[in-house]
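Have the viewer open and follow along point by point.

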Amino acid sequence: MPRSGRGLLVLPLALVLLVVGCGDDGSDDAGSTTEPLGAAEPAEAPVPDVTPAGTVRDLSPQPEGMVYDTETDILAVAVRNATELVLIQGTSGEELRRIRLPGHARHLQLAGPGGPVLVPAEDSNTFVEVSLPDGETTQTLVGEYPHDATQTSSGRVLVADERGGTLSVVEDGEVIHRFDDRQQPGGVAAVGDQVGVVDVGDFTLSLYDLDAEERIATVPAGEGPTHVVATSDGRLVVADTRGDAIGVYSTDPLEQMASLPLEGRPYGITYDEEANVVWITLTDRSELVGLDMSGATPREVARIPTVQQANTVAVDPTSGRLWTTSRETGELQTIDP
């Protein structure tokens with residue numbers, strides 16, 4: 001088990017791993033009059049009956065997206081109610097500054113070590129890059145309602161314009177290309193110069209080559225996928241929120257390798273490259289689950305109680321420290337291994 005010396009809150013459980021070839025493509029049966037399901041959302045979490053692990057403190061109303069940078073030791077948290085990005089010193093927990101955003105944000109990524117923070121400011125149709133540690137911003141108008149953004153190894157950024165059904169390719173503060181072949185793009189994750197894109201409207205995972213400006217392949221991705229991360233060996237791990245599962249995909253070629261049942265409406269997801277562990281929030285259960293990705297199949301290695309409505313999670317790969325926030329209570333939770 002990774003990081004056994006850190007004293008992770010480990011609660012191994014027997015898991016059934018289903019190896020599959022392909023899944024439901026999310027379309028209705030021929031002749032069906034059923035309304036489309038639409039994008040999956042996190043559960044409305046009940047008040048937890050278990051005390052959250054670690055330490056919990058007040059932050060701001062409606063904190064959600066978050067990401068941690070090891071080079072500057074900064075945790076960045078997007079606060080929807082005040083449309084701000086809060087920068088916090090990871091080691092001490094000291095709040096450093098707040099940066100005003102042009103719109104609210106739900107999901108954050110880093111361009112790379114040292115930043116900048118990639119901030120899709122949804123209701124402003126603006127993609128914001130926030131430098132660390134000074135908080136200086138660069139703003140780029142993109143498509144309608146940008147939801148997530150990721151940077152490839154070449155430096156190009158792909159922004160998922162959820163309500164516009166487009167993908168904006170940004171370089172040096174300008175949109176240099178736009179894909180218009182998606183229905184409702186959501187989570188995105190870079191693998192080298194390629195990007196995995198979850199379509200939350202048609203329940204698929206696609207792979208794009210930004211340099212070639214082409215879509216390579218598309219496969220079904222469960223009953224209601226939302227977000228995706230890439231592992232160090234080039235696999236893509238997708239949270240199938242409506243399907244209560246985690247899907248694992250190869251990228252050469254793009255195909256589903258396995259599906260892991262994970263009840264509780266999995267939603268927020270991040271990857272610890274040092275421990276090779278994917279962390280997922282279970283919004284219906286107020287739990288955080290760790291999956292060891294070092295073997296051929298994922299293996300559950302930790303299950304941790306969280307604050308209510310923990311929609312996102314961040315990790316410090318050097319220490320194993322975890323953070324999550326409560327969208328419901330405005331609290332920040334810090335969990336040390």
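This is a predicted model: local features need pLDDT of at least 70, side-chain atom pairs count only at pLDDT 80 or more; totals for chains, interfaces and linings use all residues.

**Notes on two strand regions**

1. S18 covers residues 225-230 and pairs with S19 in the antiparallel sense over five bridges.

2. Now carry on along the chain. S19 also makes a hairpin with S20, this time with four residues between the strands, and Asp244 in the turn has a positive phi of about 50°. S20 spans residues 245-251 and runs antiparallel to S19, joined to it by five bridges. Here Asp240 stands opposite Ala245 in S20.

3. Is S19 itself mostly covered or uncovered? Mostly covered: five of its five residues, 236-240, are buried. Side chains in a regular strand alternate between the two sheet faces. In S19, Leu236, Val238 and Asp240 point one way, while Val237 and Ala239 point the other way, and all are buried.

4. Elsewhere, look for an open sheet of four strands, ordered S10-S11-S12-S13 with antiparallel pairing. S10 (146-151) and S13 (174-179) are at the edges with a single partner strand each, so one side of each has no neighbour in the sheet. From one strand to the next, the twist averages 25°.

5. S12 (residues 166-171) pairs with S13 through five bridges in the antiparallel sense, and Leu167 stands opposite Phe179 in S13.

Definitions and conventions
Residues are numbered from 1 along each chain as its sequence is written. Side-chain values use heavy atoms; hydrogens and water are left out. Buried means under 20% relative accessible area, exposed over 50%, partly exposed in between (1.4 Å probe, protein chains only). Two strands pair if DSSP finds at least two bridges between them. Axes are lines fitted to C-alpha atoms, for helices over the stretch in contact, and angles run from 0 to 180 degrees between N-to-C directions.
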